Amino acid sequence: MTFRKKTGKALLYAAAFFLPVLLCALVFLLHGIAPFGDNTIMTGDAEYQFVDYFSYLKTIVFGNNDFFYSFSKNLGGSLTGFSAYYYLSPVNLLTLFFSSEYLPLSLSAMYALTLGLCSLSFFVFLSARFGARCSHLIFSLSYAFMGFLTVYFQLTMYYSGLIIFPLLMLGVMSLAESGKYRLYLVCLFLTVVFNYYAAFMQCIFSLLMFAYTMAQGRAERNGRKETLSRWGRFIGVSLSAVLLSAFTLLPALLSLGDEKNSFSVGFFRLFPLSRLFSAFYTGSFKGNVAGGLPNLFCGVIILLLAVIYFFNSEIPPRERILSGAFLTFLLLNLWLNPLNVAWHGFNQPIGFPFRYSYMVSFLIIYLSCRGCEKLSPGSRPFIVFGAVFALYSAFLLIVKSDSVGIREVILTGALLALGGAALALYGKKRFSVVILGVVLLVLNAADLSFNFYDVLNHFELASLAEYRGYVSEVGEAVDTLREEDTGFYRMDKYFRRTHNDAMQFDYAGLSHFSSSEKKEKIAFMGRLGFRNNGNWAFYSEPTTVFLDSFFGVKYLLSRQHSIPNDYEKLNREGEIRRYRNNSALPLMFVCNREIRSVDSRGFYGNPFALQEAIADSMNGEENHLLIPAEIKEIRVEGLDPEEGEGVTVYRKTDPEDMSAGVEYRIAATDIKTEAGERANLFAFFDAPRRQNVALFRYDDNLGDYFDTYRWNIVNLEDKPREEENGEYFISLRPRDAEMELSGAYFYYEDRDRSAAFFDKIRENACELNKITSSHLTGSVAMPEAEGKCVVLSIPFDTAWNIYVDGKRTESKRAADMLLSFDVPQGTHGVELFYRPRGIKAGMAMTILTLLVLLGFLVREKFFPGKEEGDGCA
């Protein structure tokens, strides 16, 4: 009998896992998602960020990179905060079994696995609360396919937190009800380790759930002293779990420093409150991830059972009142911005505004199950609920809701009617609880599956074949360069799939996009003329030889047969051409200490002047590598200019005139090198904000400017037209009614001078080798120590420990952002180790906390007290 009981329970657990996996596979099949077709669930952040991160993760596990530092993040940067946010979810390990070309397949596998584990976890939670029952599959399935997971399916870093969340809540409730704390301790520790950001929100909810459970009065039966004891234990265990995770948490928090946005709280409502409940309708998601309603959908049957819960007289009134208050408070948090921002660490969330909405779904599903446990033939307010649904649906149709139309009303209404009919028949002859459970399970599974299918209709799913083709083609070109040159250098491309191609192909590049990138570094690159949109900076198109060479960009990949800066072409076959910049500096070089006095912030708006100032500081001379071009004439056509403080506003006289613009006529006769050859003309325009503007050379449209992806130095390499008297005509034409402009800068570069300049800098031989991404070795030949220093073109970071001939050396800033140090005259060995701040202190805190906890466990085992709760969960 015991064996049969255990076998039956095991089958239920298996069903809880495999049922959502099979339904997910069915939806993938219908959408042609790999492995059933060419589509993938690689969309949004999964396409433009995470798949590249997972490719880089493979180089950490199988290559010579590590979790401390990466040279594939812009100029280079700490990876501790990045790793703690993106990498520590155990579900990510699944990606290691897939090659980079097939990583989109791993995303499908990860998602299906997460759905199965979420369902299983919730089933375990319900089984611990109410006993293992077949009917619990209804609720575990709803947790797996709730709106948060079906809409935010691209947020892979939250997967493990979602899986463990029901067990965390089980631990919270066990602690509140019986004083048992071990499950809560372990789950909270793992939650913080998996993702500190999601853990912050789960800590808030744990506090609320503990207070909610305690308020139901079960601890009060043992007296006020026991109530205070439980609260003390909750606080102590929570702090212990956080301290236990300090080995990852402390380095991550210290590395964030300048990475997240500043404290931001504004009092406003995030959506009309009258529209909130439309999120519970089947098929109500219409593709608006960033600006839509919270993802609260968890199945129409669940909503019906949750309503029954509040009318169920078998459940104590105090509990129902507390549940209603708790749910109302959570909904208000979603509605009011100050409360919503508090959940996100007082930073406005970007792209995904309600990252804790799954907790509301969890509570609703739990309450619906609780009501089902006490289900009786009475207490079924179908007429009242049906009337409310009809009136609210009519309201949504009248106001023409963006998310609910006649289709959604019919689908939701039909499910409510069928579910209500099944519940009404319960208790009648031949309609047993088993039949009721089967009917509700089938209805819920159909509802959840359809909703997931419908959600995917609103996403543009990337092609596996296109992804594989790009990764194969570019990967081959990168591998060829590595075979030809095994040194440590930077490379980049004049094309891209994403800003994270450097991580995808594991090369030291100048582009990166993530939520954990330092704003200071991005701003520095923007001041030099790279595109900086506030969240990322990237290398997008040909820039000055000075920038390429100063940052050690030795190789460039292009789909063009020739490029403006006349770098050496290495191959003439294939779609991708490889070019070598023979002027590129190594990533470590010797120059004058004057570079430490360059204030890059003093040149904001004119990147060419900043580049020239850096060049002059490097050798103490006026180099004239970048020379201002003469603007012969500025013509304003079809615009009325209005001068302001530091900005000119140009308004169209005819809003429909697309030819209206500001035209700059540049004298081309002097744009030559010292040898008399044609020099490249560059332009950069400054403005107070992004705008919808087109850049023209003569009548040739060169694309957008002042927009999300293009607001950087532009190389205007073409020869001037002879019919225009040897002049360049460069114009900005607003597409909207007005345009704001703060400055226009035109410079040309003498490539011969630049080559000679960098040849001279390279005379002081420096060599730098990469042992791992956080361990560098090399040598420096310092001809004279006076007035000289060693500079690395990587961001300044006190976590770099620098040793010269085995002796620790102090690091200093160069040009505001770069790393430099002093060495004496002669040839010296150099070694650099990146040791994240807080890692030793974090390890010490973890070990100390572990020892204290072990002491408590020994005390509990061998010297038990009289307190209720033996610590077991």
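Student: At roughly what angle do the axes of helix 8 and helix 9 cross?

Tutor: Before that, a word on the source: this is a predicted model, where local features need pLDDT of at least 70, side-chain atom pairs count only at pLDDT 80 or more, and totals for chains, interfaces and linings use all residues. Residues are numbered from 1 along each chain as its sequence is written, and side-chain values use heavy atoms, with hydrogens and water left out. Helices (H or I, at least four residues) and strands (E, at least two) are DSSP runs, numbered from the N terminus. Axes are lines fitted to C-alpha atoms, for helices over the stretch in contact, and angles run from 0 to 180 degrees between N-to-C directions. Here, helix 8 (residues 182-194) and helix 9 (residues 196-215) cross at roughly 145°, and their axes come within 6 Å.

Student: Which residues of helix 8 and helix 9 meet?

Tutor: Contact means heavy atoms within 4.5 Å. From helix 8 come Y184, L188, T191, V192 and F194, and they meet Y196, A199, Q202, C203 and S206 of helix 9. Seven of the residues in this contact are nonpolar, three are polar and none is charged (Ala, Val, Leu, Ile, Met, Phe, Trp, Tyr, Cys and Pro count as nonpolar, Asp, Glu, Lys and Arg as charged, and the others, Gly among them, as polar).

Student: Is T156 buried or exposed?

Tutor: Buried means under 20% relative accessible area, exposed over 50%, and partly exposed in between (1.4 Å probe, protein chains only). T156 counts as buried because its relative accessibility is 4%. You will find T156 in the loop between helix 6 (147-151) and helix 7 (159-178). Not counting residues up to four places away in sequence, T156 touches F50, F54, S89, N92, L107 and M110. The C-alpha atoms of T156 and N92 are 7.9 Å apart, although 64 residues separate them in sequence.

Student: Where is S549, and what does S549 touch?

Tutor: S549 belongs to helix 22 (residues 545-550). With a relative accessible area of 0%, S549 is buried. Leaving aside neighbours within four places in sequence, its contacts are N581, S583, A584, L585 and F758.

Student: How many aromatic pairs are there?

Tutor: A pair of aromatic rings is described by the distance of the centres and the angle of the planes. Rings of Phe, Tyr and Trp (its six-membered ring) pair if their centres lie within 6.5 Å; planes under 30 degrees apart count as stacked, over 60 as edge-to-face and the rest as tilted. The count comes to 77 aromatic pairs. One of them is stacked, F130 with Y366, at 6.1 Å centre to centre and 15° between the planes. This pair links distant parts of the chain, 236 residues apart: F130 is in helix 4 (residues 103-130) and Y366 in helix 15 (residues 357-373). Both F130 and Y366 are buried.

Student: In what order do the five strands of the open sheet lie?

Tutor: Strands of a sheet pair through backbone hydrogen bonds, either parallel or antiparallel. Two strands pair if DSSP finds at least two bridges between them. The order here is 23-24-30-26-27, with antiparallel pairing. Strand 23 (766-772) and strand 27 (807-809) each have a single partner strand, so one side of each is left without a neighbour in the sheet. From one strand to the next, the twist averages 25°. Strand 24 (residues 775-782) and strand 30 (residues 826-834) pair over eight bridges.
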